[in-house]
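Visitor: I would like to go through this model residue by residue. Can we start with the loops and then turn to the strands?

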Amino acid sequence: QSGLAPVLDKPVVSGWLCSGKTFQMPLTRHRDASFVGAWPLSGCTQGPLPISIRYVTRAGDTLLQNEWIEFATVPRGQSKSVFSDDGLCKLDFGANSLFKDIFVRTRVSPPDRMDYDIVGSYYRIYPFDVPLNKGATLSLVYPENDPAPDKLGIYFKAGDRMRFVGNRRN
């Protein structure tokens, strides 16, 4: 749903499954103006996933939004790397990393606040709530010739604070 156009009623999210069949995603109201749903990705080898979102605004206008959602399928029992769109963030899955197949999306965004001296972007990796069997390795490309390479590293955002995870430069 667009943040600029509050919806009057539940939107209709539709598109195609990887099998080629059409599908309309069941939605549940999450909060007053937001909804959640799940799209079945079984049998998909990779994205993009084309979906259409139709909704009626409180002003009575019917709007249609078309989205292409990129994702990579990481099959259980196989080694695979997934890269961000800019190629600077990489997630490596080993053959024993997963309990089951997962569908990974990455999103790159500039920092939303400048409380810290940030030299890179925020990388969001989805899903973030799926248990892993043996873990995965996250790698970032560090800027060349940075004046303070020991302060470069991976941080995660916890509330309004940034928490240092590590800096294993190689």
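Visitor: Which loop holds S84?
Guide: This is a predicted model. Strand 8 covers 80–83, and strand 9 covers 89–93. S84 lies in the loop between strand 8 and strand 9.

Visitor: Is S84 buried or exposed?
Guide: The cut-off for buried is under 20% relative accessible area. S84 has 5% relative accessibility, so S84 counts as buried.

Visitor: Which side chain makes a polar contact with the side chain of S84?
Guide: The S84 side chain also reaches a backbone atom, the nitrogen of L88, at 3.5 Å. The side-chain partner sits at 2.5 Å. That partner is D86.

Visitor: Where is S139, and how far in space is S139 from C89, C-alpha to C-alpha?
Guide: S139 belongs to strand 12, residues 136–140. In sequence, S139 and C89 are 50 residues apart. Beyond its neighbours within four places in sequence, S139 contacts residues including C89 and K90. The C-alpha separation of S139 and C89 is 5.8 Å.

Visitor: How many salt bridges does a search of the whole structure find, and which residue pairs with K90?
Guide: Side chains of opposite charge can pair when their charged atoms come close. The search finds one salt bridge. Its closest N and O atoms are 3.4 Å apart, within the 4 Å cut-off. The partner of K90 is D92.

Visitor: What is the relative accessibility of K90, and how does K90 count?
Guide: Buried means under 20%, and exposed means over 50%. K90 has 26% relative accessibility, so K90 counts as partly exposed.

Methods: Residues are numbered from 1 along each chain as its sequence is written. This is a predicted model: local features need pLDDT of at least 70, side-chain atom pairs count only at pLDDT 80 or more; totals for chains, interfaces and linings use all residues. Side-chain values use heavy atoms; hydrogens and water are left out. Helices (H or I, at least four residues) and strands (E, at least two) are DSSP runs, numbered from the N terminus. Buried means under 20% relative accessible area, exposed over 50%, partly exposed in between (1.4 Å probe, protein chains only). A polar contact is a pair of N or O atoms within 3.5 Å; within protein, one must be able to donate a hydrogen and the other to accept it, and residues adjacent in sequence count only if both atoms are side-chain atoms. Contact means heavy atoms within 4.5 Å. A salt bridge is a side-chain nitrogen of Lys or Arg within 4 Å of a carboxyl oxygen of Asp or Glu.
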